[in-house]
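Q: Hi, could you walk me through the packing in this one? I'd like to start with the core and then jump around a bit.

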Amino acid sequence: MKFKIPPIPLSSSKNSCFPILKSLMASSLTQTQTQTLTIHSDPPQPDPEDDLLCSDQQQQQQQQQLLLSSSDTSPFSLGSLTRCLAGESHIDRAWAHWLKLGRPKLIVAPMVDNSELPFRMLCRKYGAEAAYTPMLHSRIFTETEKYRDQEFTTCKEDRPLFVQFCANDPDILLEAAKRVEPFCDYVDINLGCPQRIAKRGNYGAFLMDNLPLVKSLVQKLALNLQVPVSCKIRLFPDLQVTINYAKMLEEAGCSLLAVHGRTRDEKDGKKIRADWNAIRAVKDALRIPVLANGNIRHIDDVRKCLEETGAEGVLSAESLLENPALFAGYRTGEWAVGSEGCDKVGKLDQTDLLVEYLKLCERYPVPWRMIRAHVHKMLGDWFRLHPHVREDLNAQSKLTFEFLYNMVDRLRELGTKMPLYTKDSHEDRVLANGLATGNV
């Protein structure tokens, strides 16, 4: 059984602010306590094979509990009058909420098709303390059941959670945000995507050319949601312009800002280093919590970034795709060479992580295209040594779990050893507890 969220009326006044009805989910909570959240409105339509979910209808009847945030204890549930207050009140509530979440430092960044529920849960097992959903398109999210059903799922353990939307219409963004706010800790606005699709769709980093629109998006959510608003941005070429931009977002109601330390034109993260000094300057200029994004390849980078930027936490994206155990102190062979201290061969490799990911996908079904992408990322080094195995994978128009588990066994039988590396004491702690401590 899947849970359907009722339509939510929006305010007709652009400047009004109103409290959400606390009865939004109460009537259906009891019957949905053992389900994964999926949101519906339209009949399903045929998909290409890779868009099909990886489990059948019976497997989709999830055992997870939905756990709504307590609206009585959240500093962002004080009613419309309090929410409309500006200045210190907003800053105090921003910090109170961040402290209530435990001040997470190690965070899974938003990645289209790649930061879905099973991957988030794998990263959480290995030290991630919070996570973003993939970027969701606000208009499609409001209009299409299949999109909501496949692109946004969560469970009670999936917290703290940022749900990220791209948008260029405040009313549509608010409608989308209203659908997810009971199930997350922040609604995040993507102001940093630099890809061509974002330029064509007029969202992400290309809204940097229309700051009044950006301000209206933030204000619309800040005045009308129970949960706080966060934003993720990139740098302007001029640092002072970036600082002014960040201050504008704070004044508009942003309660947490993630700063990617590259400009809109700096798309290649492997060739262009993120500017931690610029992130530090933004952090020093703001009063709300700030997160740093860029150059996080292993746990030593986390420590250095926190020290150099002063940020409350760090986001990692591409490096986590290759090594979801990064936050637990594991590193790939590429980064073990020349690392600080002496790394040893760990008791874990990427095939182990892939098997764990596949088991999570069996529990939390996602489209096969997401699984296929993770297989290539996690096993990229293995496939370079054994390209015939990769070719067999690419030849499969329809994936199955049996095929993928057999593929892993095949790689292991070829005798290739590509372990992850770790410090002795840290790995012992991880393996003993079943999950990482996340301390840095």
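**Packing and cysteines**

Q: Which residues does Ile-371 touch?
A: Leaving out residues up to four places away in sequence, Ile-371 touches Cys-54, Tyr-357, Leu-358, Cys-361, Val-366, Phe-401 and Leu-404. Contact means heavy atoms within 4.5 Å. This is a predicted model, where local features need pLDDT of at least 70, side-chain atom pairs count only at pLDDT 80 or more, and totals for chains, interfaces and linings use all residues. Residues are numbered from 1 along each chain as its sequence is written, and side-chain values use heavy atoms, without hydrogens and water.

Q: And which members of the largest nonpolar core touch the most others?
A: Leu-249, Leu-257, Tyr-357 and Ile-371, in a core of 111 residues. Such a core is a set of buried (under 20% relative accessible area, 1.4 Å probe, protein chains only) Ala, Val, Leu, Ile, Met, Phe, Trp, Tyr and Cys residues joined through side-chain atoms within 4.5 Å.

Q: Which helix gives the most to this core?
A: Helix 15 (residues 350-363), with seven residues. Helices are DSSP runs (H or I, at least four residues), numbered from the N terminus.

Q: Is Cys-254 buried or exposed?
A: Buried, with a relative accessible area of 0%. Cys-155 also counts as buried, at 4%.

How values were computed:
Buried means under 20% relative accessible area, exposed over 50%, partly exposed in between (1.4 Å probe, protein chains only). Helices (H or I, at least four residues) and strands (E, at least two) are DSSP runs, numbered from the N terminus.
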